[in-house]
Every structure is written in structure tokens, then in C-alpha cells.
Amino acid sequence: MRNTLLLILLAVVLGGVSCKINRPENTEVEGSDITVDANLLRMVDCGDFIYAEVRANPEDSIALATYAIVDSGVEPKNIPQGCIVINAPLQRSVVSSSVHTAGINELGMLSGVAGVADVSYYPVGDPVLDAVKEGKIKNIGSSLAPDIEKIIDLNADGIVVTPFEGEGYNELKKIGVPMILMTDYLESTPLGRAEWLVFIGAIYGKYDEALRIYQQVSEKYQRLRVCANKSDDEPLVITEKPISGVWYVPGGGSYMATMISDAGATYPWVKTKECGSIPQDVSSVIDAADEADYWLIKDAKDIDSKSLLAEVPHAKAFSAFPKNVYVCNTIEKPYFNAAAFHPELILSDMVNIFHTNECGGDSVLHFFRPLE
């Protein structure tokens, strides 16, 4: 049941719930714009600090929060009024999501994390699990209802948090520790979300390294996208499977729909306007799935043809079943972490599956495998 609830949440989140639309007028700050692809994050290099705005919707006239990120030993001038000052690098931070600790770890700054939430959701082999076991990082409980006393005892210098509304989030706002809001999961494009690694790099004192990684990610992603969309083939793809009698499909304006299109494929709901996942009754998806060329499924457990048929008996009539069904065990593979900051790896998988590596993708599949 726990995995089922998690997958329902992730079906909605990774569908993307924010459309790419016009930005509001920006706050006037002197400096050079840093961000290019993100719609919900604006970063400006102001010389002696980095200014950042975080939004939940690109049309919002008022940001959720504004930050002045100041490197150790620097005394900045002219910080805009209302900015939350973050002294970088963070050294005793609390982080609510494994997605963000993955980015922190990639930048070599896991030592700057003192506490994490939702430990049971970390994928097998994640270094955070070892650090928690060794007592180097404390488990603060659920991200929706964190242990406030533990956070206070950690003397945290920042809380990196996804701003879900709820009692736990509201309690965190009362303890006087800078709240660093991460709305990357609301970005509607893969590269828009990936650019948030630069924000993480700035607050952990690894801005240059994070920018370099992001630029490499963007370059590879764009190369694969351009090549895949030159192909004469445009296979029809369906995704996922029913959860508790509902089949969640990505809306046409969502992150996943963008990824499928960038991989040179098409999708039964590509013309829909929704920017998040669309709940569908199973029969309507079955009708659309009959002629699909490929079927991609993520689950928090192993799937084989027998177990899939037990869950979706009609699958035996799908054109894609069984040889063009590809599955990903998200407990064993860090798919959701990669979806945030390394979408080029997921795109490489899709391009290799749909176009048999004609675009020079990686020689192995990172996350998906053929159904057995």
C-alpha cells in the first residue's frame, strides 16, 4: 500500500503540473542572468552575491521566496529588500527529498547534510542510506510531518524543502531556519528542471561545478533530441499501468509528454492541454493502447510478463506485448533522481529503445530493461 500511494503521488508529480507560459516582470536587480531553461527559478549573478527567485507558477507576480546567496567571507552590498540570506556553503542542512540529496552528492557536498526525510524511499545503494546507518546523517522522519525537535537539535543552517502545504511544512516555517524552497518538480520541461542543479550548487558552494554539469546535460540532451526528431519513424508510446483501478497518463503539456516527443515518438494524449497527469478509466487507455508500438512502465517492484498480465489481462492483445514492453524498478534504479538533474540519461534510454541507438545514445540502458 505504501508503494502504491507513492506511485500515485509520483504519477502526478512527474507528469508535471506547471505549463510553460510567459514569465511576469522580473524584480530589478543589477547583474547577469544565469538561468536559461527554468520557468520557476530565476538566478542573477550580482557580483558579490547570487540573487534567486522561486515560483510555483511562472505567471505568479510575486515569488514564493527570494534569496541572496552569499559566499563565505563576502560582505555583499545592495541586497534587495525581503531577500532571505543564505550563507554558502550550507554545512548543516536538512533535506526533505532524495532527489535533492542526489544532486548534493553529485557535487561532493553530502558532508553539508545533517538530516534527511523519507529514508525508506531512498533507492538501494544510495550513499545517504550508508550515512544514516553510520549516524553521520540523522533521519528526521516523514517530509510531510518531520520531527521538529530533531531539526532544532541539529542546529540546521538551512532546510531544503518541497513546499507541500501541510502541518509539517507550516511548523518548519516557525523555527527560524532559512527555508530553501524547491519547486523544480513543477517544471514542465526536462531541461528546465535539470537547471535547478545550479541553484543547489550555489547554496552548497559548488556553483561553477553545477553549472558545468548542467551545460553538459543540456548539450547531450539537445543532441539526442535533434537526432531523434530527424528519424522517419515516430512510434506510438503508452506509459505506466493502472493503480487502484485508475490509469494515470501524462497530459500533453507535461514533463513526460515533452520527453516522449523529444525522443522522436508520439503519444495518444499528445493533443491534450493538461500539464499534469490525467486520471483515466482503464478501458479508455486499453482502447488507445491496442496499437501502441512501445509500452514503458515504472514500478517500485520487479515486473515480468506473468505479473503484468495478472494486473492488466488485456495486455496480451496489445501490439507492444511482450517484446516491446520495457520496465523500470524504481527501488533498484534511481530513475526519479535522474528525472530531476540527468534527463539526458532517460532520453538516451528512450532514444535507444525507439530508434535502436541510431542517434549515438549510451551503449547500455540506464533504467529500463525488456520485459521478461
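This is a predicted model: local features need pLDDT of at least 70, side-chain atom pairs count only at pLDDT 80 or more; totals for chains, interfaces and linings use all residues.
Local features require pLDDT of at least 70 and side-chain atom pairs count only at pLDDT 80 or more, whereas totals for chains, interfaces and linings use all residues. Residues are numbered from 1 along each chain as its sequence is written, and side-chain values use heavy atoms, without hydrogens and water.

An open sheet of 5 strands has the order 1-2-3-4-5 and mixed pairing; strands (E, at least two residues) and helices (H or I, at least four) are DSSP runs numbered from the N terminus, and two strands pair if DSSP finds at least two bridges between them. Strand 1 (32-33) and strand 5 (84-88) are the edge strands, each pairing on one side only. Strand 1 runs antiparallel to strand 2 (residues 41-45), to which 2 bridges join it; Asp-45 in strand 2 is the bridge partner of Ser-32. Helix 7 (residues 196-203) packs on this sheet and touches strand 2, strand 3 (50-54), strand 4 (65-71) and strand 5, contact meaning heavy atoms within 4.5 Å.

A search of the whole structure finds 3 cavities of 30 Å³ or more. A cavity is a set of points, on a 1 Å grid over the protein atoms alone, where a 1.4 Å probe fits but cannot get out, and lining residues have an atom within 4 Å of a point; grid points are joined across faces, edges and corners, and a volume is the space filled by probe spheres set on the points. The largest cavity has a volume of about 60 Å³. Its lining comprises 13 residues, of which Ser-96, Ile-140, Ile-159, Val-161 and Leu-172 lie nearest its centre. Strand 6 (93-95) and strand 9 (158-161) are the elements that give two or more residues to this lining, and strand 9 provides the largest share, 3 residues.

Methods: On a 1 Å grid over the protein atoms alone, a cavity is a set of points where a 1.4 Å probe fits but cannot get out, and a pocket is an open set with protein on both sides within 12 Å along at least five of seven lines; lining residues have an atom within 4 Å of a point. Axes are lines fitted to C-alpha atoms, for helices over the stretch in contact, and angles run from 0 to 180 degrees between N-to-C directions.
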